[in-house]
Amino acid sequence: MAVQSVESSTDSAAADSPASSASAAFGPAVALSCRECGERFDLGPIFACVSCFGPLEVAYDLPSGDPEGLRRQIEAGPDNIWRYAPLLPVPADVATLPSLRPGFTQLVKADRLARELGITGELHVKDDSGNPTHSFKDRVVAIAVQAARTFGFTTLSCSSTGNLAGAVGAAAARSGFRSCVFIPHDLEAGKVVMAAVYGGDLVGIEGTYDDVNRFCSELIGDPVGEGWGFVNVNLRPYYGEGSKTLAYEMCEQLGWRLPDQIVIPIASGSQLTKIDKGLKELIALGLVEDKPYKIFGAQAEGCSPVSTAFKAGHDVVRPQKPNTIAKSLAIGNPADGPYVLDIARRTGGAVEDVTDEQVVDAIKLLARTEGIFAETAGGVTVGVTKKLIEDGLLDPSLTTVVLNTGDGLKTLDAVAPTTGPSAIIRPTLDSFREAGLA
Ligand SMILES: Cc1ncc(COP(=O)(O)O)c(C=O)c1O
Ligand SMILES: [Zn+2]
């Protein structure tokens, strides 16, 4: 099978470096490439370009020339993200190695929600609450773990808004790493318990996520952090690639079709940028037809640095101090913010935000219409979808995919004040009749 780079900016460099030069541990990945200046580096535990400090991402020689064969190979693979191993920086036999085996979550055709929102085309909810630790973070961690193993790290770590800490704790337990994860001290109880229960160390830091992240960067440069793989810092190029599997899955589950519009939550913005990367790869490989798609980003008003920049027409994202119930999205200084702006503008999408009240309403709307209990991040995407339709920015006649990236059981406090029993009765028929529910 011929090999060909699918990264337009780096085609010639990729053509010069045959796939065989990459370590077998990274499958089709051949290098790390700077997203700013394009300089290439050997695959390693590095994340910033030495020339311009730009972020690095994985570059590939992907298998091209036989889309039918590749499609068949993927379809014959396991019901988890490892079916896409030919497109990921992991060894070909990755499915046999210890991992939580996340992915291939349900794509729910959401007809009742569509009716409520006035959508006449197809509406689908990609429900990632079905992952092993109930958020999409299991995808990104699974790839980072493979890299951590190859680089000989013994401790897995991260800075987290909650879900990532749980995903790292669980993956470390399954894969035999020690873990030590860092979170803001004031997260939801469900997130704290999940991050602690797998037996690794959990450290609450007095500060925001941005303080936690800064602290982790310092730790990497210190002898204390030697042998530590921070999945979203020094392993970030590999970690990010896990989100491509959301793009692959939604297209495969649509019958190898691209959606027209996708609504994605934004914290650091990594997930959104990698879904776009995944869609571009599928087009370049001939696995889906080459047609335009629009990417929409979703934030909570109380932490909306990217939507604020989008609406103001700025290229630079000004940091904010978060204050929202959508704590999983509470990153005030998002690393991938400028790339999100580029993608939303290039694809003809937008970045929008909703109030905490709208988040709660949207969580309940999704639960009532589709039986999906989303965490606050899912309330953000559903709420933003509603707003985008009302504002005429999202076309209700097209095929739309909305992401639910986490489970409502982790953010019970958001809905508890306005949700509860319809009645409390004595165990008698009379009492039930009196409650007026018969
Ligand atoms: C449930 C959930 N959805 C979405 C995101 C956003 O991820 P990203 O930082 O890749 O934008 C997060 C990040 O923590 C999350 O926990
Ligand atoms: Zn560079």
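Predicted model: local features only at pLDDT ≥ 70, side-chain atom pairs only at ≥ 80, totals over all residues.
Residues are numbered from 1 along each chain as its sequence is written, and chains are lettered from A and ligands numbered from 1 in the order written. Local features need pLDDT of at least 70, side-chain atom pairs count only at pLDDT 80 or more, and totals for chains, interfaces and linings use all residues, while side-chain values use heavy atoms, without hydrogens and water.

There are 16 residues around ligand 1, where a residue is near if one of its heavy atoms lies within 4 Å. Asn163, Ser268, Gly269, Gln271 and Thr405 come nearest. Some polar contacts (pairs of N or O atoms within 3.5 Å) can be listed. A backbone N or O atom of Gly269 is 2.8 Å from an oxygen atom of ligand 1, and for a backbone N or O atom of Ser270 the distance to an oxygen atom of the ligand is 3.5 Å. In the side chain of Thr405, an N or O atom lies 2.6 Å from a nitrogen atom of ligand 1. The protein covers 98% of the 390 Å² of accessible area (Shrake-Rupley method, 1.4 Å probe) that ligand 1 has on its own.

Strands of a sheet pair through backbone hydrogen bonds, either parallel or antiparallel. Here, 3 strands (DSSP runs of E, at least two residues) form an open antiparallel sheet in the order β3-β2-β4. Its edge strands, β3 (40–41) and β4 (56–60), each pair on one side only. Pairing requires at least two DSSP bridges; β2 (residues 29–34) and β3 have 2 bridges. Ser33 has Arg40 in β3 as its bridge partner.

Methods. Polar contact = N/O pair within 3.5 Å; in protein donor to acceptor, adjacent residues only side chain to side chain. Helix = DSSP H or I, 4+ residues; strand = E, 2+ residues; numbered from the N terminus.
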